[in-house]
Structure formats: C-alpha cells, structure tokens
Amino acid sequence: MKLKVIVVFILSIIISSCQTEEIKEPKKVEQKKESLETKIKHHVETMLSIPATENYRLQIYTEHLNADDSLDRIITVNRLELAKNEAIKKERLAKSAATGFPGRYNFFFFLDGKTGEFSPAIPVPSSAMAELDVSFENIITNSYKDILVDFRLDNACFRRFFTFLKGVPKEMFETMIFDGLGEKENEAYVIRYDEGSYSLAKDILIYKGKLEQTEFENPMDVFTYKPKIDSTDQLLRRWFFNVSDYKYYTKKD
C-alpha cells in the first residue's frame, strides 16, 4: 500500500510540473517597415546603377494616373554630377557646359499606387543642367490625368506627352515650347485643348506665342529660367488623337 501511495504522489508531481511549465514561443524578429521614399530611392539606385557616392536629384510627383482609386507617382531623376564627371573624363568640360551637359542624364519612373510596381526607367535625353519639369492634364479622359514632361536642350524647351498603354507610360506627342531664350531671334508656342475631332481624347492646339526678351548675367541660368510666354490668336496647328496607335497626328496643309 505504501508503495502505491508513493507512486501516485510522484505521478501527481510530474503532472503538476507539466501543467505549470511555460511554453516558450520563438522570438519574433521585428521588421521595420520601409518608407515609400526609401523604397523609391533603393529602386532608382538599383535600376540606374547609381553608386552610393554619387549626388543626384530625385523628385516625386503625386496624381491619379489610371482608372483605379489609388494615388500614383512620377519620380524624376537628374544625374548632373555624372554628366560633369563624364565630360571631364572626355576632356569636353567647357564644350559640354556651354550646352548644359546634354545626354541621357534625366529619367523618370511611374509607380503604380495600387500594385506598388514600377515602370522601367524612361530616359529623356536633354541638358542635365535642368531637371525634368512634370505637370498633368486631362487629355485622353476626364477620369484621370496624363503626364506632361518638359525638358531643356540648350536654350530651348520641349514638352513630351505620355498616356498609359497596358499600364506603362507611352509617349503620344511632342512639341517645342520655346527656342532662342536670351537671344533676339526666338520663337515660342502656347498649347491649348479642344474637343476631340476623331475620338473622345482632346485635340491639341498649338498657337504662336511671344517670348519675353531676357538677358542673363550668368549664362548657366538659361537652362533653369522659366520665361513668360504671351499667347496670340494665331493657330498654327491642330493635332488629333489616333486611337489605333495612341499617337497624335495633324492634317497636311
């Protein structure tokens, strides 16, 4: 009988210890959530092979750019430092500086707000002294915006128009905004929009403009100065959108 009591006592101790023993869960490693700005920066540097030592400019523009309800982003990248370094290596610093270090040093990316996916890098060959200037306009539809990208080449400015095809920015039109900034002989244009002639997309109307006369004490200011352009009533060209290839065309005179 004594032996039976001892065995029961020992078993009760074992059972009690099993019930009170804490079950240790593996420690969870806290992961810091990467900010959107950091995510964008890492993606840009990876896709363009930008080293950690390079100084470059990055701008983020936010707008509704497709049919979903999420805010999308356009990211512009300017690599002026790289342009200068490459000009030095080629012993063309003075010559390149005179035209604002032209080449493939300006890029932009599209970031889909809903999916979080980036478009490929879209190069805009231009003068690296001027960053890309992005604006938005309802052209193809009133439901969301299209992308307008202004860039400089020497003392001229051009504008490229992008819409979306299969989720990727597609260039549909380009026009000059002005040329000859800082010179007596110059030209300028004003862009307006009208109801579409052949589709729901708006027609693009190009009017003759008048560029302000400007002189620069610092010649490098010509690449970043935004001049005033007055419009005239002289319509030079009407462009219409062709749905079949997502491009603008004009009628021959």
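1. A quick definition before anything else: a salt bridge here is a side-chain nitrogen of Lys or Arg within 4 Å of a carboxyl oxygen of Asp or Glu. Lys41 and Glu45 form one through their side chains, at 2.7 Å from N to O. Both sit in helix α2 (residues 36–47), four residues apart, so about one helical turn separates them. Burial matters for the next bit: buried means under 20% relative accessible area, exposed over 50%, and partly exposed in between, with a 1.4 Å probe and protein chains only. Lys41 is partly exposed at 40%, while Glu45 is buried at 18%.

2. Some housekeeping. This is a predicted model, where local features need pLDDT of at least 70 and side-chain atom pairs count only at pLDDT 80 or more, while totals for chains, interfaces and linings use all residues. Residues are numbered from 1 along each chain as its sequence is written, and side-chain values use heavy atoms, with hydrogens and water left out.

3. The overall inventory: the protein has four helices and 14 strands, taken as DSSP runs (H or I of at least four residues for helices, E of at least two for strands) and numbered from the N terminus. Of its 253 residues, 36% count as buried. The accessible surface comes to about 16,400 Å², with 52% of that belonging to carbon and sulfur atoms; the areas are from the Shrake-Rupley method with a 1.4 Å probe, and for residues only the protein chains shown count as cover. Taking contact as heavy atoms within 4.5 Å, 52% of the contacts between residues at least 6 apart in sequence join residues at least 24 apart.

4. Now the eight-stranded sheet. The sheet is open, ordered β7-β8-β9-β10-β11-β12-β13-β14, with antiparallel pairing; two strands pair if DSSP finds at least two bridges between them. β7 (133–137) and β14 (247–250) are at the edges with a single partner strand each, so one side of each has no neighbour in the sheet. On average, neighbouring strands are turned by 35° against each other, direction ignored; the axes behind that are lines fitted to C-alpha atoms, for helices over the stretch in contact, and angles run from 0 to 180 degrees between N-to-C directions.

5. Next along, β8 (residues 146–153) pairs antiparallel with β9 (residues 156–165) over seven bridges. There, Ile147 stands opposite Phe162 in β9.

6. The other sheet on my list has four strands, is open, and runs β1-β2-β4-β5 with antiparallel pairing. Its edges are β1 (57–63) and β5 (122–123), each with a single partner strand, so one side of each is left without a neighbour in the sheet. Strand β4 (residues 106–111) is joined to β5 by two bridges, and Phe108 has Ile122 as its bridge partner in β5.

7. What holds the middle of the largest nonpolar core? Of its 27 residues, Phe161, Met172 and Tyr248 touch the most other members. Two or more residues come from each of α3 (80–89), β9, β10 (168–179), β11 (187–194) and β12 (203–211), with β10 giving the most, four residues. A second, separate core of 16 residues includes Phe110, Ile122, Leu132 and Phe164.

8. Back to charges: there are 10 salt bridges in the structure. Glu54 and Arg79 form one, their closest N and O atoms 2.7 Å apart. This pair links distant parts of the chain, from the loop between α2 and β1 to the loop between β2 (72–78) and α3, 25 residues apart. Both partners count as buried, Glu54 at 9% relative accessibility and Arg79 at 7%.

9. Last, Glu174 and Arg160 meet in a salt bridge at 2.8 Å, N to O, bringing together strand β10 and strand β9 across 14 residues of sequence. Glu174 is partly exposed at 35%, and Arg160 is buried at 16%. Salt bridges with shared partners also join Arg160, Glu171 and Glu174 into one network.

How values were computed. A nonpolar core is a set of buried Ala, Val, Leu, Ile, Met, Phe, Trp, Tyr and Cys residues joined through side-chain atoms within 4.5 Å.
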